[in-house]
Amino acid sequence: MNLKVKEIFYSLQGEGGRQGEASIFIRLSGCNLKCDFCDTDFSGGETMELSHILSAIRKFPCRWIIWTGGEPALQLTGEAIAFFKREGYLQAIESNGYFPLSGLLDYTVVSPKGKQDYAKTINPNVDEVRLPVKKGDAIPDSGRLPEAKHYFLSPVFTNDALVTKENIDYCVEQVMLMPDWRLSLQIHKLINIE
Ligand code: SF4
């Protein structure tokens, strides 16, 4: 079985409920959305057999895989997840929530992009909802979203430090108004790691 892989790298999870944990990131190619704030290149990539992906990640002293994209659920099947599970890996996914997520995954993150009620329908239970937020965005009541252990507001980081600061300040205000939410900063951008 093949997956189209944009990149594989080893770093720390920079945000959300697993922030700071070493993780192997496997970025799959392609996405079903075109968000205006997207800062990820998910075009192109290399078609790889699962066994080749396994060879590429074995060198890392870490058992956590994060499937990311693009939208990894476009490609990631239960068969692929089961393959890496048999090899002893724990697997998280970072998804926009438009597709069903396999119950074989060990940690599920949904970042709804504009259609929160749709996300609720598709994946009623996840570990984490992480909402990218720009200043002025409406923050949904967590009751409109999938059942989750954690609800995070994630200020959108831009190349303009002033705009980023405004987004952070706005999220701080919103968390204080709606304390079901917590603040998640993208520390990988703050400390300049991948
Ligand atoms: S869903 Fe994520 S990867 Fe896809 S366009 Fe939006 S921000 Fe980019």
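E49 lies in strand 3 of this predicted model. The residue is exposed, because 11 other C-beta atoms lie within 10 Å and a residue counts as exposed at 12 or fewer.

**Sheet layout**

- Nine strands form an open sheet in the order 3-1-2-4-5-6-7-8-9, and their pairing is mixed.
- Strands of a sheet pair through backbone hydrogen bonds, in either the parallel or the antiparallel sense.
- Strand 1 (residues 2-12) and strand 2 run antiparallel and are joined by seven bridges.
- I24 has I65 in strand 4 as its bridge partner.
- Strand 4 in turn pairs with strand 5 (residues 90-95), again parallel and over four bridges.
- I65 stands opposite Q91 in strand 5, and I65 is also the bridge partner of I24.
- Further along the order, strand 7 and strand 8 run parallel and are joined by eight bridges.
- V133 stands opposite P155 in strand 8.
- Strand 8 and strand 9 are parallel as well, with two bridges between them.
- L153 stands opposite L183 in strand 9.

**Strand 2 and I26**

- Strand 2 is mostly covered, with six of its seven residues buried.
- I26 is found in strand 2, which spans residues 22-28.
- Is I26 buried or exposed? I26 is buried, because 24 other C-beta atoms lie within 10 Å and the cut-off for a buried residue is 20 or more.
- Apart from its neighbours within four places in sequence, I26 is in contact with V5, I8, I53, I65 and W67.
- One of these contacts, V5, is 21 residues from I26 along the chain, and the two C-alpha atoms are separated by 7.1 Å.

**Helix 4**

- Helix 4 comprises 17 residues, 161-177.
- The span from its first C-alpha to its last is 24 Å, close to the 24 Å expected at 1.5 Å a residue.
- The buried residues of helix 4 are N167, C171 and Q174.
- These residues lie on the same side of helix 4, because they cover an arc of only 65 degrees around the axis.
- An α-helix has 3.6 residues a turn, so residues three or four places apart point the same way.
- The buried residues pack against strand 7 (125-133), strand 8 (147-155) and strand 9 (182-183).
- On the other side of helix 4, the exposed residues are A161, L162, D169, E173 and M176.

**Ligand surroundings**

- Which residues are around the ligand? They are C31, L33, K34, C35, C38, T40, F42, G69, G70, E71, N96 and K113.
- By class, this shell holds five nonpolar, four polar and three charged residues.
- G69 and G70, both around the ligand, are joined by a cis peptide bond with omega of about 15 degrees.
- G70 is found in the loop between strand 4 (64-68) and helix 2 (78-86).

**Backbone at N192**

- N192 is placed in the segment after helix 5 (187-190).
- Phi of N192 is near 60 degrees, which is a positive value in a residue other than glycine.
- N192 is exposed, because 7 other C-beta atoms lie within 10 Å and 12 or fewer count as exposed.

Methods. Residues are numbered from 1 along each chain as its sequence is written. This is a predicted model: local features need pLDDT of at least 70, side-chain atom pairs count only at pLDDT 80 or more; totals for chains, interfaces and linings use all residues. A residue is near a molecule or strand if its C-beta atom, placed from the backbone, lies within 6 Å of it. Ala, Val, Leu, Ile, Met, Phe, Trp, Tyr, Cys and Pro count as nonpolar, Asp, Glu, Lys and Arg as charged, and the others, Gly among them, as polar. The expected span of a helix is 1.5 Å times one less than its number of residues. The arc is that of the directions from the helix axis to the C-beta atoms. Two residues are in contact if their C-beta atoms, placed from the backbone, lie within 7 Å. Two strands pair if DSSP finds at least two bridges between them.
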